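Here are my notes on the model, written as numbered points. Please keep the structure open while reading them.

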Amino acid sequence: MEPMRFGVLGPLLAEIDGRLLALPGRKQQALLALLLLNANRPVSRASLVDGLWGERPPASADHALETHVSRLRKTLGSTSRLRTETSGYRLEVGADELDLETFRRLLEGGRAAAVRGEPEEAARVLRQALALWRGAPLAGIEEPFAELERGRLEELRLTVLEERIDADLARAEAAALVPELRALVADEPFRERPRRQLMLALYRSGRQADALEAYQQARRQFVEELGIEPAADLRELEQAVLRQDPALAAPRRAAARSIERRLPRRARRSSSYSGPPSSSRLRRWS
């Protein structure tokens, strides 16, 4: 199969030899997006119809799907990539041809490095993963499935961003992280993990009073807008800051591991990780 490049971590992207492929129809674009989200796995006709037309598909939906599949095959220029299965269709994508698959492999590598106690490597690899994002995922796709998938992918991106910040905190990068964390808290005020990270970054920067004020701001916003108190681990962090708990002190490996166990969610090792993509392949996404 001829090498191609596909992207869903931003506007839908399909290239061959650096040439953008024209995907003229809205349904054809949405069909490609659905198949890419399930790359190398069969997708049933029923799932595709549901994704493209929702709960009330037209009577001609099955025939229309076949037409869109036929047109997509011609656009891709290869019948071997889009295969017909017993109950549906499967799009074959090679190693590092799809930004989402490259992102997942880098994520596995970053998490594995964090578990090994290598925060420098974890931060480096997770930065590479986050650099693959070109904007809002599936931007421009408005079919029924797109909103749910966008939300799922955005949640994944935020989780990986938080894991990268954890790695930087373990690298003694506390002061440099404060502006980024303030911006993240402003954008996502009800995610508690960035609140914890901001408090820890301020405390490790020698700003105990600011760390306590960050907690009070969080508490006011949670109580006034959600009617709830912050979670127990955020309250426990405030008490640890008040008593200047030695476990909060920065960057020695033992101390970092101790606070990671008590505060942020730790990454889990992935047994399937076999190393990040080569630098030449990564350059394809830059």
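1. Helix α8 covers residues 192-204, which makes 13 residues. In this predicted model, the helix reaches 18 Å from its first C-alpha to its last, close to the 18 Å expected at 1.5 Å a residue. Just after α8 comes glycine 206, whose phi is positive, at about 80°.

2. Is α8 buried or exposed? Of its 13 residues, 13 are buried, so the helix is largely enclosed by the rest of the structure.

3. Aspartate 96 belongs to a loop, the one that lies between β6 (88-91) and α4 (99-115). Although in a loop, aspartate 96 is buried, with a relative accessible area of 2%. Its side chain makes a polar contact with the side chain of arginine 105, at 2.4 Å.

4. The next point is a sheet. It is open and has three strands, in the order β1-β2-β3, with antiparallel pairing. The edges are taken by β1 (4-7) and β3 (19-20); each has a single partner strand, so one side of each is left without a neighbour in the sheet. Strands of a sheet pair through backbone hydrogen bonds, and the pairing may be parallel or antiparallel.

5. How many bridges join β1 and β2? The antiparallel pairing of β1 with β2, residues 13-16, runs over four bridges. To find the pairing in the model, look for phenylalanine 6, which stands opposite alanine 14 in β2.

6. Last, the confidence of the prediction. The average pLDDT of the chain is 88, and 86% of the residues score at least 70. Two stretches should be read with this score in mind. Over residues 254-259, pLDDT stays under 50, and the model has 12 contacts for them beyond four places in sequence. Residues 264-274 also have a pLDDT below 50; for this stretch the model shows 21 contacts beyond near neighbours in sequence.

Definitions and conventions
Residues numbered from 1 in each chain as written. Heavy atoms only, no water. Pairing = 2+ DSSP bridges. Helix = DSSP H or I, 4+ residues; strand = E, 2+ residues; numbered from the N terminus. pLDDT = per-residue confidence, 0-100. Contact = heavy atoms within 4.5 Å. Expected span 1.5 Å × (residues − 1). Buried < 20%, exposed > 50% of the residue type's maximum accessible area, 1.4 Å probe, protein only. Polar contact = N/O pair within 3.5 Å; in protein donor to acceptor, adjacent residues only side chain to side chain.
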